[in-house]
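Dear colleague,

Please find below the structure that I am handing over to you. My findings follow it.

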Amino acid sequence: VSVLGQLDGSTKHEGGRRRTREADDVPRADATRGSTDGAMLSVEGLTKRFGGFTAVTNVSFGVEKGEILGLIGPNGSGKSTIFNMLSGTLDPNAGSIRYEGQEIAGERPHRIINLGIGRTFQIPRPFRRLSILENAVLAGYYGQGRHSRAKAFASAERALGLVGLPTEPTATVDGLGAAGLKKLELAKALATWWITGGVNGR
């Protein structure tokens, strides 16, 4: 199931069907998407201000288990700010973020990671002196609190296999193009998730 919501109201995909409507060219996120009751991830009334500038205003949405949700909008519309609040990098000024019923708004990033929420970044910055495998292992190892190197390696190999990257210890980051670096970012997030919230196969 693929559901893409938008910050500027331009395009929406629901269950493979595409709907379009006129977009208001606004420089901030201000959107509501359906009911959040029973959602795995529930966001209600999320607001973020930087001094006198409001970057995100009263944004609400829910993500069901197994659902894919995308935030679409022009540069400066607040997409990255929303993800930074979901991951704990920024604290919201108002609103609620609940993951599996637990309030996580304002929690520190490492605590959110340990709950099973990972994130990727728009610009990949891998450790170029480490192999592809070592990059993913490092994410898994620190994501689960440095408890088990064996689990970190197992999680990294599983994640790399899923995104289609090599698991050989000699495979280097230098051989990856732009798409490969994005895959590595995803593998790092998955390695963190599997070793914490997803380690039991969820």
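**Findings**

The protein chain has five helices and eight strands, where helices (H or I, at least four residues) and strands (E, at least two) are DSSP runs numbered from the N terminus. The model is predicted, so that local features need pLDDT of at least 70 and side-chain atom pairs count only at pLDDT 80 or more, while totals for chains, interfaces and linings use all residues. Residues are numbered from 1 along each chain as its sequence is written, and side-chain values use heavy atoms, with hydrogens and water left out.

Along the sequence the pattern is β-β-β-β-β-β-α-β-β-α-α-α-α. Of the 202 residues, 43% are buried (under 20% relative accessible area, 1.4 Å probe, protein chains only).

Residues in H3, including Ile132, Ala136 and Tyr141, meet residues in H4, including Arg149, Phe153 and Leu160, with contact meaning heavy atoms within 4.5 Å. By class, nine nonpolar, one polar and two charged residues form the contact of H3 with H4 (Ala, Val, Leu, Ile, Met, Phe, Trp, Tyr, Cys and Pro count as nonpolar, Asp, Glu, Lys and Arg as charged, the others as polar).

Yours sincerely

How values were computed
Buried means under 20% relative accessible area, exposed over 50%, partly exposed in between (1.4 Å probe, protein chains only).
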